[in-house]
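Colleague: I have not worked with this one before. Can you walk me through it?

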Amino acid sequence: MELLRFATAGSVDDGKSTLIGRLLLETKQIFEDQLEAVERTSRDRGFDYVNLALLTDGLRAEREQGITIDVAYRYFATPRRKFIIADTPGHTQYTRNMVTGASTADMALVLVDARKGVLEQSRRHAVIASLLQVKHLVLCVNKMDLVDFDEGRFDEICAEFTDFAAKLDIDDLAFIPVSALLGDNVVSHSPSTPWYEGPTLLHHLEHVYIGSDRNLIDARFPVQYVIRPMSHDHHDYRGYAGQVASGMFRPGDEVLVLPSGFTTSIEAIDEYGGPVEEAYPPMSVSVRLADDLDISRGDLLCRPNNAPVVTQDVDAMICWFTDRPLREGAVYAVKHTTRSARARVQHLHYRLDVNTLHRDDQQHSLTMNDVGRVSLRTTTPLFVDEYRRNRATGSFILVDETNFETVGAGMVLGATAP
Amino acid sequence: MPTQLSHLEALEAESIHIIREVAAEFERPVLLFSGGKDSAVMLRLAEKAFWPARIPFPVMHVDTGHNFDEVLEYRDRRVAELDLQLVVASVQASIDAGRVVEERGPRASRNRLQTVTLLDAITEHGYDAVFGGGRRDEEKARAKERVYSFRDEFGQWDPKNQRPELWSLYNGRHRKGEHIRVFPLSNWTELDIWQYIATDDVEIPSIYYAHRRPVVRRDGMLLAVTSYLGHLDGEAPEDLLVRFRTVGDATCTGAVESAAGSIADVIAEVAASRVTERGETRADDRISEAGMEDRKREGYF
């Protein structure tokens, strides 16, 4: 069974929580005690329907205010796939939450209200999905029951969204007319939309092909931890533990070690209990090398003829998460793969308006929920690839060194070799 | 050759990555080990993460004193097999030292007292990272929790002010006296845990499988009759065939009637179950709608 991670985004009241509740309910992931609790609370609050949104709002403050504050993770499975939903709220701190949810997602599910059509927020969600390189996007046109399941209205919304998405970097775009409240086209085909010949939402989630989304070309192995048992049975064992970021590794492969620049070959790749024939993402393994070299956490194994850029100058898109603005000249801690450094903001090129895609180059700071392009200078070289090509070696976080908050997410656009 | 991991293999790889990340970045990690099924899986993942070396951190049991014998026996055996250091943080010792006051009456529970014992032990030993077996599917407050969950100097969790967590880049920065709770099983579900126990042959205490024992019916739950359980008027012990879905303090962990004697039987039951494991068997979670959130804010597991 495969794992599919998807992020959901929507505006206030477009029925996202209801849609998730519907998916969970129809795939029998909601348990009787949970449903009873929601029914009881719905009654107590005076709703005349079972408010499925109560299933996903986990915090007291959320229930009190009737809003979703933070990303919540939901799980369900069908015989074909296990799903992890990153449920991201649409209003407060929208960019921060959506970026967080999208960072690990294979697919983004964007909801629009059939009556309202494509809003600014829907466009923003699509831009963020594209920015984070989520390869598959599904636009669920919800509340079709309120527009009498009108094909014309559905087509109009699809056309408008397609026009906008053409400017983005999205490989696979699908449109599904649904009614989350009534269940149309969520799990089973709706008799009310005979004109719709596409898959139901669940069918699409189960079948969308994600096998080629991973990078199996560029071999990258960030060293995370050095395993040295120093025990009687494994006296000379030295394994470089880590998770394969991309590409394939096999025993016998020649590898280049960064930053030292030495080359050696792979003697064996171990998992618990013994060696394996090959390693590919996202396997967590331990690599033994033919030569004794000085290698530690933060180093990286790759191929001599296919290496990331080794550089202290990184050009990146930054999503900013905090009230204290990002300013030119400021220094932040950086975490990139297993490597830690500090970085100074050399230049802020522009702020990207995620609603219009307009680039504003008159700005000298980024504030909460802003996205912008920056040049960074790091204290030590990083081994980077373009984010578009490699999510693992192309991403980093920025941490405020005074309060240790995670303040920014970065995606590498390009790097200048020194 | 296939280059796609199954969902269990992908979850395992993610958990091992998290465990290694903590070992690499923190000075004094500790793994909470209750002997329950989730901590059994977590211990197995830690074993895998560092093989053929030993697990490079101790394990800690927050001991309410209300244990099932089978669980203690299992705990001690695993610790010996893996050559680990076991730290026992005792709720009884906290009571004796006057740090907490024992609840009174037949429904007294030491569940909430554990938080003080846990936080005292973290301070005493100077732990900066504490692995817990919590899963996001367990409970709705847990669904919001990060893999690296920051705790302030009072051990408190602030759910409205959590660090964003992106990709697999975890921010473990903290000041002295603060710590990070780490949840490597965040993305696992109860069924995943059971499937993994089956496919990976993870040993768990025998009370997870059907066995006969005297129980009383209380608040819709079946509680094991032990010397710790207070007696309520009208309660008559019954000898039933039961198993446990979760294992915690013996006075607030309920059994379910079951004939599931093998792991395959248990998986079939879990897959068909219509009630969550905590809803069915944990008196501690029934306190209020925000029972878990409130306890977590105070520093609970």
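Modeller: Chain A has eight helices and 23 strands; helices (H or I, at least four residues) and strands (E, at least two) are DSSP runs, numbered from the N terminus. This is a predicted model, where local features need pLDDT of at least 70, side-chain atom pairs count only at pLDDT 80 or more, and totals for chains, interfaces and linings use all residues. Residues are numbered from 1 along each chain as its sequence is written, with chains lettered from A and ligands numbered from 1 in the order in which they are written.

Colleague: What share of chain A counts as buried?

Modeller: 48% of its 418 residues. A residue is buried if 20 or more other C-beta atoms lie within 10 Å of its own, exposed if 12 or fewer, and partly exposed in between, with C-beta atoms placed from the backbone.

Colleague: Which residues of strand β4 of chain A are on each face?

Modeller: Met107(A), Leu109(A), Leu111(A) and Asp113(A) are on one side, and Ala108(A), Val110(A) and Val112(A) are on the other, all of them buried. With seven of its seven residues buried, β4(A), residues 107-113, is largely enclosed by the rest of the structure.

Colleague: What does β4(A) pair with?

Modeller: One partner is strand β5 (residues 136-142) of chain A, in the parallel sense over seven bridges; strands pair if DSSP finds at least two bridges between them. Across that pairing, Ala108(A) stands opposite Leu137(A). Strand β1 (residues 2-9) of chain A also runs parallel to β4(A), joined by four bridges, and there Ala9(A) faces Val110(A).

Colleague: Switching topic, which residues touch the most other members of the largest nonpolar core?

Modeller: Ala102(A), Ala108(A), Cys140(A), Leu31(B) and Val182(B), out of 179 residues in that core. Helix α1 (residues 7-25) of chain B gives the most to this core, with nine residues. A nonpolar core here is a set of buried Ala, Val, Leu, Ile, Met, Phe, Trp, Tyr and Cys residues joined through C-beta atoms within 7 Å.

Colleague: What is Cys140(A) in contact with, leaving aside neighbours within four places in sequence?

Modeller: Leu19(A), Leu109(A), Leu111(A), Ile176(A), Val178(A) and Leu201(A). Contact means that the C-beta atoms, placed from the backbone, lie within 7 Å.

Colleague: And how many residues does each chain put into the contact between A and B?

Modeller: Chain A puts in 53 residues and chain B 45 residues.

Note on methods: Two residues are in contact if their C-beta atoms, placed from the backbone, lie within 7 Å.
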